[in-house]
Amino acid sequence: MTLSKSYASSHHIASTLAVEELWALLRQGFEDSERSELWPRELEQVSSPSLGEGEQIRARYKVLGPVGATQTYLVSSFEPPRSLAYQTGRGHPLQGGGSVEVRSRPGGGSELLWSFEYRVPPRARSWLGYLYVRHLFEPKFFAALEANLRAVEAKRPRQASSARARGQSRHGAARLAS
């Protein structure tokens, strides 16, 4: 018997920022998270010297303070200022990938849609990776990303759609299949 699962999740975060502004913040996070206002730097450090299709993204996950794990991802599609897609790199405990999309919202503002799907191979390391991503990293990352986005929005002049954009985020539409 082979024990293997698929895991998928999506996160929607509404914003008062224009598509181009939100994309610029995301791009900065992917290129050099240490300089990013948006990226949850307390959870991971990300870099991609040349973000684009076929390029590599390095992510150092801060598992327990100074203890961390570095993984790579390959950008499989890059369409600024709207979307990028990525796949897990060699040696990653999970197999699959995801996409990051920025969409305009009726009446102004934008929406971030980040979705991913991974297959969990039947190896102990893969199951540890799954448990870490699903139960520790994912909930903290997207909550911090949204909190950071709200802080950035608060620094910007108010827009008419701000009240409507707030409170319409949807996190963790996750599904686990065997």
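**Cavity, pocket and ring pairs in a predicted model**

Sorted by class, the residues that line the largest cavity comprise 15 nonpolar, one polar and two charged. Ala, Val, Leu, Ile, Met, Phe, Trp, Tyr, Cys and Pro are taken as nonpolar, Asp, Glu, Lys and Arg as charged, and the others, Gly among them, as polar. The model is predicted: local features need pLDDT of at least 70, side-chain atom pairs count only at pLDDT 80 or more, and totals for chains, interfaces and linings use all residues. Residues are numbered from 1 along each chain as its sequence is written, and side-chain values use heavy atoms, with hydrogens and water left out.

A cavity is a set of points, on a 1 Å grid over the protein atoms alone, where a 1.4 Å probe fits but cannot get out, and lining residues have an atom within 4 Å of a point. Grid points are joined across faces, edges and corners, and a volume is the space filled by probe spheres set on the points. The lining of the largest cavity consists of 18 residues, of which Tyr61, Tyr73, Tyr86, Trp114 and Phe137 are the closest to the centre. Two or more lining residues come from each of β2 (44-47), β3 (56-64), β7 (110-120) and α2. Helix α2 contributes the most to this lining, with five residues.

The largest pocket has a volume of about 250 Å³. A pocket, unlike a cavity, is an open set of points, with protein on both sides within 12 Å along at least five of seven lines. Among the residues lining the largest pocket are Tyr61, Val63, Gln71, Tyr73, His92, Arg125 and Tyr132. At least two residues of this lining are supplied by each of β3, β4 (67-79) and α2. Helix α2 again gives the most, with five residues. By class, the lining of the largest pocket divides into eight nonpolar residues, three polar and one charged.

The protein chain contains three helices and eight strands, arranged along the sequence in the pattern β-α-β-β-β-β-β-β-α-α-β. Helices (H or I, at least four residues) and strands (E, at least two) are DSSP runs, numbered from the N terminus. Helix α2 (residues 124-155) has 32 residues and, at 1.5 Å a residue, should span 46 Å; its end C-alpha atoms lie 45 Å apart, which agrees. The expected span is 1.5 Å times one less than the number of residues. Helix α2 also bends by about 45 degrees at Phe137, and Pro139 follows within four residues. This bend is the angle between axes fitted to the seven residues ending at a position and the seven starting there.

The structure contains 17 aromatic pairs. The rings of Tyr7 and Tyr130 have centres 5.5 Å apart and planes at 80 degrees, so this pair is edge-to-face. Tyr7 belongs to strand β1 (residues 5-15) and Tyr130 to helix α2, so that the pair links parts of the chain 123 residues apart. Rings of Phe, Tyr and Trp (its six-membered ring) pair if their centres lie within 6.5 Å; planes under 30 degrees apart count as stacked, over 60 as edge-to-face and the rest as tilted. Tyr7 and Tyr130 are both buried. Phe116 and Tyr118 form a tilted pair, at 5.4 Å between centres and 35 degrees between planes, and both of these residues are buried. Ring pairs also join Phe30, Trp39, Tyr61, Trp114, Tyr132, Phe137, Phe141 and Phe142 into a cluster.

Buried residues make up 48% of the 178 residues in the protein chain. Buried means under 20% relative accessible area, exposed over 50%, and partly exposed in between (1.4 Å probe, protein chains only). Val152 lies in helix α2 and counts as buried at 1% relative accessibility; the C-alpha atoms of Val152 and Leu22, 130 residues apart along the chain, are separated by 9.9 Å. Val75, in strand β4, is buried at 1% relative accessibility. Val75 and Gly54 are 21 residues apart in sequence and 5.3 Å apart in space, C-alpha to C-alpha. Leu94 is placed in the loop between β5 and β6 (95-104) and is buried at 2% relative accessibility. The C-alpha atoms of Leu94 and Arg125 are separated by 8.9 Å, with the two residues 31 residues apart along the chain. The peptide bond from Pro80 to Pro81 is cis, with omega near 0 degrees, and Pro81 is found in the loop between β4 and β5 (83-88).
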